[in-house]
Amino acid sequence: MEANSRYITQLINVSKIYEGGNGTVALKNISFAAVPGEMVLLLGPSGSGKTTFLTLLAGMQGPTSGEVFLFGKQTVEYSKQELQILRAKRLGFIFQSFYLIDSLTVIQNVMMVMKFAGANSDFARKRSLELLEKFEIKHLANSLPSKISQGEKQRVAIMRALINGAELIIADEPTGSLASKQGLEVVDFLKNSAAKENRCIIITSHDERITRYADRVLFISDGELK
Amino acid sequence: MYAFYILKEHKVRYLLTALGISLCALLMLFLISIYKGVSYGSVEYVRSGNADLWVLQKHATNILRSTSLLPSSYKERLNKIQGVESASPVFFILASIKHKNRNGSLYLTGYDPKSGIGGPPEIIKGRNILSDDEIVLDKAFAAKYEIKIGDKIQVRDDSLVVTGICTGTNMFVIQYAFISLKMAQYIIGYRLFVSCYQVHVIPGSNLENIRSAIYSGLKNVVVFDKKTFLENNLREMESGILPLLFIITIISAIVLTAILSLILSISILEKHKDFAIMKALGSPHGFITGIVVRLSVMLSFAGLTFALVLFFPMVSIVERISPEVSTKSSFSQILVVSFGVLIISIISTILPVRSIRKIYPLEIFK
């Protein structure tokens with residue numbers, strides 16, 4: 001595989017070995033690419049290398065060997081500040097544990113990432129309220145995360161990932177903490193978002209029921225894509 | 001915003017921190033006001049005296065911690081120097097007094113009650129002395145020994161009637177008292193000596209010429225203009241008290257820095273996950289640092305507010321319990337301490353902020 005700027009993210013012959021201990025090999029010579037508008041599902045058991053894969057393509061760590069491209073540029077060539085701006089404006093993250101800030105209200109959690117992207121408070125509040133309404137949780141705007149349900153938390157987390165117009169959404173086990181019906185709704189929503197808003201969505205999971213929503217399904221086992 | 005929510009989340013802990021900060025700020029405010037009070041009480045006598053020149057025994061530099069003895073006969077010789085309006089002798093002696101079976105010490109200042117020159121800077125109660133058997137006491141001394149106007153106090157073998165109470169005469173470790181020059185000389189037993197002369201010159205006279213004439217006409221003397229003499233006395237006072245106050249102030253500043261650094265470090269540890277999430281979501285460089293700095297400044301501001309609310313009642317209580325503790329407070333002192341505490345609050349963030357660098361966004365994927 002060769003580097004191609006039409007890909008949002010691209011891994012070429014990437015290996016990752018964690019130093020220390022036994023020198024764990026997390027990824028072995030992986031090549032991968034994703035384009036805007038597609039939803040890729042990465043299936044694999046725990047410890048198979050899914051999370052390492054996601055963090056590499058988000059530029060959160062570098063590969064031991066091989067090349068990782070993000071928005072047409074190698075991740076190792078980005079400065080720390082450029083990576084911060086990418087994370088704020090062009091990347092969106094959804095986590096299994098939601099990772100909302102417990103001491104901030106729902107709307108403050110959403111507004112916070114808009115501020116990271118440079119929005120002023122008034123605009124951030126207005127836009128956040130609009131999105132909360134769209135997600136049918138406007139009434140929870142001033143609630144603390146500890147006072148809302150798991151499903152509602154995940155909706156807030158998705159809002160937070162989408163509100164800055166991210167081109168690449170990285171979702172690490174997004175359905176893991178949800179009831180099965182809620183989980184499928186989340187995946188369905190993300191699928192629609194990819195199609196309508198031309199976003200690239202990469203999901204890791206070990207839940208095989210969501211394969212039908214993905215444009216592409218990859219299997220990872222012992223650090224190798226199959 | 002986030003800093004405020006962190007404060008709200010652990011109200012009791014941060015309230016206690018703010019109280020700790022307020023105690024340090026109170027200590028600083030109190031030490032500065034004591035310094036100002038002692039400074040005022042030690043040199044106000046010289047400042048308010050309005051003497052143009054001070055004539056002392058050679059090698060003496062001040063009246064606080066120098067011994068100076070000059071012949072009484074110098075008065076006439078000084079008065080004869082061209083340009084001298086008046087030369088007023090003053091005699092300083094340390095003396096023990098007794099009142100209602102309590103012993104104390106005073107810095108007795110003997111002066112000529114007729115001219116009034118060399119007398120108390122400000123009488124706040126009663127009147128100045130008129131005769132040799134009268135005495136004016138410092139307010140703090142009178143309060144400490146519960147002496148009222150009209151009371152008699154025993155100075156060595158003599159009994160003196162208290163006619164007035166004055167201020168600007170509390171040197172913290174000892175207080176001025178004012179008696180007649182004749183009585184001072186009688187108490188010490190040297191009728192032919194005084195400590196120094198306060199010289200007033202005729203307006204428009206050349207001070208340097210008069211000073212030269214004094215050096216030519218009188219032996220074994222030193223002459224200071226008012227400014228130099230004031231500085232000499234101030235320096236003498238500061239050399240005694242300033243190092244101590246300085247050390248205590250530095251210790252309280254260090255304690256304050258340690259308290260703040262510790263509490264901020266604990267907050268960062270507790271919020272480690274939140275900060276990692278923020279970093280993963282693209283928080284700009286300085287955003288988390290800003291949270292820690294704001295947290296520190298808010299705590300310091302709350303502590304300062306407590307300190308300012310408590311300061312004046314505390315001073316009033318301390319002065320009531322211990323009258324010799326004389327303080328002097330001003331808006332500029334409060335500003336200096338507030339500025340100092342805010343600077344400390346910024347410095348206190350240095351170590352905690354360094355630990356923020358060790359928070360990696362990757363941590364939330366673990």
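Helices (H or I, at least four residues) and strands (E, at least two) are taken here as DSSP runs, numbered from the N terminus.

**Ground rules.** I am working on a predicted model, where local features need pLDDT of at least 70, side-chain atom pairs count only at pLDDT 80 or more, and totals for chains, interfaces and linings use all residues. Residues are numbered from 1 along each chain as its sequence is written, while chains are lettered from A and ligands numbered from 1 in the order in which they are written.

**Entry 1, two glutamates.** I started with B:Glu146, which sits in the loop between α4 (139-144) and β7 (152-155) of chain B. Its phi is positive, about 55°, although B:Glu146 is not a glycine. Buried or exposed? For this I call a residue buried if 20 or more other C-beta atoms lie within 10 Å of its own, exposed if 12 or fewer, and partly exposed in between, with C-beta atoms placed from the backbone. B:Glu146 has 11 C-beta neighbours inside 10 Å, so it counts as exposed.

Then I looked at A:Glu173, in the loop between β7 and α6 of chain A. A:Glu173 is not a glycine either, and has a positive phi of about 50°. With 20 C-beta neighbours inside 10 Å, A:Glu173 counts as buried.

**Entry 2, the six-stranded sheet of chain A.** I wrote down the strand order as β6-β7-β8-β3-β9-β10: an open sheet with mixed pairing. Strands pair, in this notebook, if DSSP finds at least two bridges between them. β6 and β10 (224-225) of chain A are the edge strands, each with a single partner, so one side of each has no neighbour in the sheet.

I followed one pair further in. β3 (residues 39-43) and β8 (residues 200-205) of chain A run parallel over five bridges. A:Leu41 stands opposite A:Ile203 of β8(A).

Which helices pack on this sheet? I found α1(A) touching β3, β7 (168-172), β8 and β9 (216-221) of chain A, with its direction at about 155° to that of β8(A). Helix α6 (residues 180-197) of chain A also packs there, touching β3, β7 and β8 of chain A, and its direction too makes about 155° with that of β8(A). Contact means C-beta atoms, placed from the backbone, within 7 Å. The angles run from 0 to 180 degrees between N-to-C directions, with axes fitted to C-alpha atoms, for helices over the stretch in contact.

I checked β1 (residues 9-17) against β4 (residues 65-70) of chain A, and they pair antiparallel over five bridges. A:Ser15 has A:Ser65 in β4(A) as its bridge partner.

How many of the eleven residues of α3(A) are buried? I get ten, so the helix is largely enclosed by the rest of the structure. Among them are A:Val106, A:Ile107, A:Met111 and A:Phe116, and also A:Gln108 and A:Asn109. The buried residues pack against α2, α4 (121-134) and α5 (150-162) of chain A. Just after α3(A), A:Gly118 takes a positive phi of about 100°.

The contact takes 19 residues from chain A and 17 residues from chain B. On the chain A side, α1 (50-57), α2 (80-89), β6 (91-95) and α3 (106-116) each supply at least two residues. α2(A) gives the largest share, five residues. By class I noted ten nonpolar, seven polar and two charged residues on that side. Nonpolar covers Ala, Val, Leu, Ile, Met, Phe, Trp, Tyr, Cys and Pro, charged covers Asp, Glu, Lys and Arg, and polar takes the others, Gly among them.

The contact between them takes six residues from domain 1 and eight residues from domain 2 of chain B. The domain 1 side has three nonpolar, two polar and one charged residues.

Last, I looked up B:Ile263 in helix α7 (residues 226-270) of chain B. B:Ile263 counts as buried, with 23 C-beta neighbours inside 10 Å. B:Thr17 is 246 residues from B:Ile263 in sequence, but 7.6 Å in space, C-alpha to C-alpha.

Note on methods:
Contact = placed C-beta atoms within 7 Å.
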